[in-house]
Amino acid sequence: MLPAERHTTPAALASRRFVSGNSPAKSSISRPPLKFGFLAQAFSTLEQQPMLDLAIRDVACYIAPQAALTRSKDELRDILPNSFGLLGVTVLGMLALARLLRFPVARLSGVVARTLEKELPQKAEQVIPLKEQLARLAVSFGFYFPFAAGFAAVPFFRNYLTLKRTGTSDFETLIGLEGKKRHVLSPQEQAKAKRKQLAAGNTTLGIGAGLGLASLLGLSFLARRPESLSAKATEFVQRAFKTYALRGKKSYEVQGTLPILLFWLIPPSIGWILGARSRNERIEYAVKGANSILWFSLFTPLFVKRYFVNQFKKYEAHGLDVGVSDQSKKGMKGLFKALQGSIPSYNDIQTHLPERLKPDATKLKNRYSLLSWLIPVTMLAITPQLINIYFTKKRFEKSERAELKRWPDVPTPPHYPASQNPFLTVSPYHHKPHFAWLNPAKT
């Protein structure tokens, strides 16, 4: 699951589709001329269709490479519900949940629903009334908590489907390390394990829904009487609005490093780790989660994006605003100053630059777009999967050698790892002598 790429410039923060964030007219949409090539046309089209771009990018850059590197058919069938489940939460959350929540918030807060749908202009916290800020925050946190809970719950429902299909909760069996041996649970144990998985998934969704509902109601009722807030409370609301407000119906709803990190990247990692069926699986998902968070939240914005922002800076004198002028950086320090700026869209390039500069700027934008596809493939899908394949096999072989030393009189004892997952029933072989496998009738 890949978070959305942001391409808006500070001058057109409201939407990258339009020449101006204040006039979302269809006639203002323009695409690069064909003379700039098919690549620019393709990337520009995807850039103007953010949800299509997200879905294609997720399938092509993450799900497909990861599926190609699975170690067995069982593992392939195990990861597909997880991957497409996360994609489904993303798409349905963006397209449906946020929009639906605006209607009850409008009724409870007294703010017109159409007002809540509008895309946020630059420095929105300074121009939008406090009443509307509170109403928008009610929508935002009413959305964020169920959205995050959906990500965290997906691994539990994945585990349920795998148990139903294979009858096993043993991760090493699913990835093929156990060879032809299959640690199948008894019907009673399968039923108990499936109930636990469904209960864990439903509980996670319930917690998210409860927090979202409480936030929606509390902030909506506050919006009815914004004058009751103190000066410090008002300042706190404005800071929260600047960081967490959803951006509007016409754009990616979730934008900004902190919201993406807290409600988009971390929740799936928590779900993966809590839903892991063995120590090896827990380590594998910890590696994937840490890798995703580092690349999206640190390496990509600090190095990749910063490099291209500096490259585009030379076009600011010709009317292309990338938000790195001295005035825009005023008051910013350290890491926040390094994160300042954004990559202009193809539409910005075609709209604001003179004809003689458009080809070079479009080529630079093409290189950035290509890199934004290659990084997920190499660093988020292929690299962590190869690392996990290598080290999981090493850990498994080490545990096998330890078992051979522990039971020297038993030839080739099988490996029955004890599950450390509180949501799963442990293997039926757990707590039994390893030599019991020699006489299955008594196990």
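Trainee: Where is Glu-281 found?

Mentor: In this predicted model, Glu-281 is found in helix α11, residues 279-312.

Trainee: Why is Glu-281 called buried?

Mentor: Its relative accessible area is 0%. Buried means under 20%. The value for Glu-281 falls under that cut-off, so the residue is buried.

Trainee: What makes the pair of Glu-281 and Arg-277 a polar contact?

Mentor: A polar atom of the Glu-281 side chain lies 2.6 Å from the backbone nitrogen of Arg-277. The cut-off for such a pair is 3.5 Å, with one atom able to donate a hydrogen and the other to accept it. The distance of 2.6 Å is within that limit.

Trainee: Which residues does Glu-281 touch, leaving out those up to four places away in sequence?

Mentor: Arg-158, Phe-171, Gly-275 and Ala-276. To touch here is to have heavy atoms within 4.5 Å.

Trainee: What is the secondary structure of the chain?

Mentor: The chain has 14 helices and 0 strands.

Trainee: How much of the chain is buried?

Mentor: Buried residues are 50% of the 443. Glu-281, at 0% relative accessible area, is one of the buried residues. Take contacts between residues at least 6 apart in sequence: 74% of them join residues at least 24 apart.

Trainee: What makes Leu-39, Leu-370, Leu-371 and Leu-374 a nonpolar surface patch?

Mentor: Patch residues need over 30% relative accessible area, and nonpolar side chains such as Leu are joined within 5 Å. These four make a patch of about 310 Å². Helix α14, residues 358-406, gives the most to the patch, with 3 residues. Leu-374 has its place in that helix.

Trainee: How much accessible surface does the chain have?

Mentor: About 21200 Å². Carbon and sulfur atoms account for 63% of that surface.

Trainee: How confident is the predictor in the chain?

Mentor: The average pLDDT is 80, and 77% of the residues score at least 70. Among the elements, helix α8, residues 187-224, has the highest mean, 96. Helix α12, residues 334-338, has the lowest, 55.

Trainee: Where does pLDDT stay under 50?

Mentor: Over residues 6-34, for one; the model has 83 contacts for that stretch beyond four places in sequence. Residues 413-443 are also below 50, with 66 contacts beyond near neighbours in sequence.

Conventions
Residues numbered from 1 in each chain as written. Heavy atoms only, no water. Helix = DSSP H or I, 4+ residues; strand = E, 2+ residues; numbered from the N terminus. Buried < 20%, exposed > 50% of the residue type's maximum accessible area, 1.4 Å probe, protein only. pLDDT = per-residue confidence, 0-100. Patch = residues over 30% accessible without salt bridge, like charges linked within 9 Å, V, L, I, M, F, W, Y side chains within 5 Å. Areas by Shrake-Rupley, 256 points an atom, 1.4 Å probe, with all protein chains shown as cover. Salt bridge = Lys/Arg side-chain N within 4 Å of Asp/Glu carboxyl O.
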